[in-house]
Amino acid sequence: MSIKRMFIVATIVLAATANAAGAAELPAAKVPRASASLNAQDRGRYMVIVGGCNDCHTAGFAARGGDVPEREWLKGGGNLGFSGPWGTTYASNLRLVLAKMTEAQWVRYAKDLKTRPPMPWFNLNQWTDADLRAFYKYVRGLGPPGEPVPAFVPPETKPTPPYIEWPAPPK
């Protein structure tokens, strides 16, 4: 099974588990609304929400059912690693990443990005330039960038917990 397929299957399993556990739907005020009339900041916020960026790039977001103050969004996934045949990756602090780039550099970077799992770079590559520019403006407007996340751990090195084994080792 390909890594991409494993990521899709795991995402479906996680969503089903959350629903089976009685996860509440978002209140109406938190439901994103798509609109061509959104300004860049609002469009960028919308892209963060529908792109699922917070799920990994905001520490504790999924575990808290999305109940994380916006001022904490996109500061990285904390010390939770994703470990597999590629090594161990950590969801980057997008505020720090974008602080080091111009808007034009970000658009080119996002269009050309190919990275390790579980990042769905193949989806980000398909965003429009306007969506990427709006995302950039939104993230840059969030406030202080916070701290870096742990560095990539190569496959031959055992990561420090906590981490998610991906795919699960054979029994």
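**Close-up views of a predicted model**

Residues are numbered from 1 along each chain as its sequence is written, and side-chain values use heavy atoms, with hydrogens and water left out.

View 1. A disulfide is a covalent bond between the sulfur atoms of two cysteines. So why is there none between Cys-53 and Cys-56? The sulfur of Cys-53 has its closest cysteine sulfur in Cys-56, and at 9.4 Å that is too far for a bond. Looking back from Cys-56, the closest cysteine sulfur is the one in Cys-53. Cys-53 is buried, at 12% relative accessible area, whereas Cys-56 is partly exposed at 30%. (Buried means under 20% relative accessible area, exposed over 50%, and partly exposed in between, with a 1.4 Å probe and protein chains only.)

**View 2. The whole chain, for orientation.** Seven helices and three strands make up the element list; helices (H or I, at least four residues) and strands (E, at least two) are DSSP runs, numbered from the N terminus. Reading from the N terminus, the order is α-α-α-β-β-α-α-α-α-β. Of the 171 residues in the chain, 32% are buried. Among contacts with a separation of 6 or more, 64% are between residues 24 or more positions apart, where contact means heavy atoms within 4.5 Å.

**View 3. The three-stranded sheet.** The strands form an open sheet in the order E2-E1-E3, with mixed pairing. E2 and E3 stand at the edges with a single partner strand each, so one side of each has no neighbour in the sheet. On average, neighbouring strands are turned by 25° against each other, direction ignored. As background, strands of a sheet pair through backbone hydrogen bonds, either parallel or antiparallel. Here, E1 (residues 81–84) runs antiparallel to E2 (residues 87–90), and four bridges join them; two strands count as paired if DSSP finds at least two bridges between them. E1 and E2 form a hairpin, with two residues between them. On the other pairing, E1 and E3 (residues 163–165) are parallel, over three bridges.

**View 4. Strand E1, residue by residue.** Are the faces of E1 covered or open? Both are covered: Gly-81 and Ser-83 on one side are buried, and so are Phe-82 and Gly-84 on the other. Follow Phe-82 across the sheet and you find Thr-89 as its bridge partner in E2, and Ile-164 opposite it in E3. Ser-83 also sits in E1 and is buried, with a relative accessible area of 8%. Leaving out residues up to four places away in sequence, Ser-83 touches Thr-88, Pro-159, Tyr-163, Ile-164, Glu-165 and Trp-166.

**View 5. Helix H5 against helix H7.** Two packed helices are described by the angle between their axes and the distance between the axes. The axes of H5 (residues 103–112) and H7 (residues 129–140) come within 9 Å and cross at roughly 125°. That makes H5 oblique to H7. (Axes are lines fitted to C-alpha atoms, for helices over the stretch in contact, and angles run from 0 to 180 degrees between N-to-C directions. Under 35 degrees counts as roughly parallel, over 145 as roughly antiparallel, 65 to 115 as roughly perpendicular, and the rest as oblique.) On the H5 side, the residues in contact include Trp-106, Val-107 and Lys-111, and on the H7 side they include Leu-132, Phe-135 and Tyr-136.

View 6. H2 and H7 pack at about 95°, with their axes 7 Å apart. That makes H2 roughly perpendicular to H7. Ala-40, Gln-41, Arg-43, Gly-44, Arg-45, Met-47 and Val-48 of H2 make the contact with Asp-131, Ala-134, Phe-135, Lys-137 and Tyr-138 of H7. Leu-38 lies in the loop between helix H1 (3–20) and helix H2 (40–50). At 26% relative accessibility, Leu-38 counts as partly exposed. How far apart are Leu-38 and Ala-134 in space, C-alpha to C-alpha? They are 9.9 Å apart, though 96 residues separate them in sequence.

Key
Predicted model: local features only at pLDDT ≥ 70, side-chain atom pairs only at ≥ 80, totals over all residues. Disulfide = S-S within 2.5 Å.
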